[in-house]
Amino acid sequence: MVTQAQLGLELDHKTNGVFSNVRTLQCPPLILPSALPLNQRIKMDGLELLGMLDDNSVPAAFFDPQFRGVYDKMKYGNEDTSRNHVRVKLPQMSEEQIAKFTSEIGRVLIPSGHLFLWMDKFHLCTDFRNWIKGTNLSVVDMVTWDKGRMGLGYRTRHQTEFCVIIQKEPRRAKGVWTIRNIPDVWREKIKKTHPHNKPVRLQGELIAATTSPGDLVIDPAAGSFSVMHACREQGRNFLGCDVEAHDGATE
Ligand SMILES: C[S@@+](CC[C@H](N)C(=O)[O-])C[C@H]1O[C@@H](n2cnc3c(N)ncnc32)[C@H](O)[C@@H]1O
């Protein structure tokens, strides 16, 4: 059993602020099964990978679920375009499957660890809270990613995606989150190698803010492995997989 003291969770009663740029949260030693190599593209079901990780062992996780909700529910009429066929061919996750992923991430995160949960405006405005219902996770912040160009067609005028920042209990910033100047609207243009690439620089900043050098960051549905790339740039260890081996991996 890892104690709060070992995890560096004792509250600092000498100072009153809720924020400091010194990270005191420690991670337990990294011990992984040999079937899970670090810093590589693993082809595996994400729930299987999560099932192999210990409780309270990971400081930060990214999760970018593959959903069709916006197409199925909004019925814009552009579902049959060739561009959308590529997206639709990706293995889709049901709402129940997404909730299983978040619940497993809640289990493996260390206390006060972070989940960066990507979603579009449809899920942000409707029912994404069901994905974390009944877990030990709660929303603490959000960054809007401005891609700098419009996608998904004129009907949605889709130029942004949202990274909802979620924390495992106990919620706290001091000693955990170390970078104060990440704006909550982030403009980053990216080269598209996968239908859903996410911005490497933003993810790198979030990793730097919530982990220490050498710490483990996971992504159980990694797509182009943009999070692996961000970890490499920040000197963190990456563990992640995708159920498909995508050609268009971020390099
Ligand atoms: C939205 S994309 C992730 C994109 C990624 N964030 C990036 O920056 O490239 C979701 C990915 O989940 C994968 N996927 C779907 N079901 C999965 C499962 N059960 N386990 C692991 N990956 C899965 C899909 O193949 C797809 O590549």
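Biologist: Before I dig in, what counts as a helix here?
Modeller: A helix is a DSSP run of H or I with at least four residues, and helices are numbered from the N terminus. Keep in mind that this is a predicted model.

Biologist: Let's look at helix 7. What follows that helix?
Modeller: Gly235 comes after helix 7, and its phi is positive, near 70 degrees.

Biologist: And which residues of helix 7 are buried?
Modeller: Helix 7 covers residues 226-234, and Ser226, Val227, Met228, Ala230 and Cys231 are buried there.

Biologist: What covers those buried residues?
Modeller: The cover includes strand 2 (58-63), helix 6 (200-210), strand 7 (216-219) and strand 8 (237-242).

Biologist: Switching to the ligand: which residues are closest?
Modeller: Gly46, Ala221, Gly223, Ser224 and Ser226 are the closest of the 22 residues that surround the ligand. Ser226 is also one of the buried residues in helix 7.

Biologist: Nice. How does that shell divide by residue type?
Modeller: Eight residues are nonpolar, nine are polar and five are charged.

Biologist: Now strand 4. In what sense does strand 4 pair with strand 5, parallel or antiparallel?
Modeller: Antiparallel, over 10 bridges between residues 137-151 and residues 158-168. Within that pairing, Val143 has Cys163 as its bridge partner.

Biologist: And with strand 6, parallel or antiparallel?
Modeller: Parallel there, with three bridges to residues 185-187. Thr144 has Val185 as its bridge partner in strand 6.

Biologist: Last one: how much of the protein chain is buried?
Modeller: Of its 251 residues, 34% are buried.

Key
Residues are numbered from 1 along each chain as its sequence is written. This is a predicted model: local features need pLDDT of at least 70, side-chain atom pairs count only at pLDDT 80 or more; totals for chains, interfaces and linings use all residues. Two strands pair if DSSP finds at least two bridges between them. Helices (H or I, at least four residues) and strands (E, at least two) are DSSP runs, numbered from the N terminus. A residue is near a molecule or strand if its C-beta atom, placed from the backbone, lies within 6 Å of it. Ala, Val, Leu, Ile, Met, Phe, Trp, Tyr, Cys and Pro count as nonpolar, Asp, Glu, Lys and Arg as charged, and the others, Gly among them, as polar. A residue is buried if 20 or more other C-beta atoms lie within 10 Å of its own, exposed if 12 or fewer, and partly exposed in between; C-beta atoms are placed from the backbone. Two residues are in contact if their C-beta atoms, placed from the backbone, lie within 7 Å.
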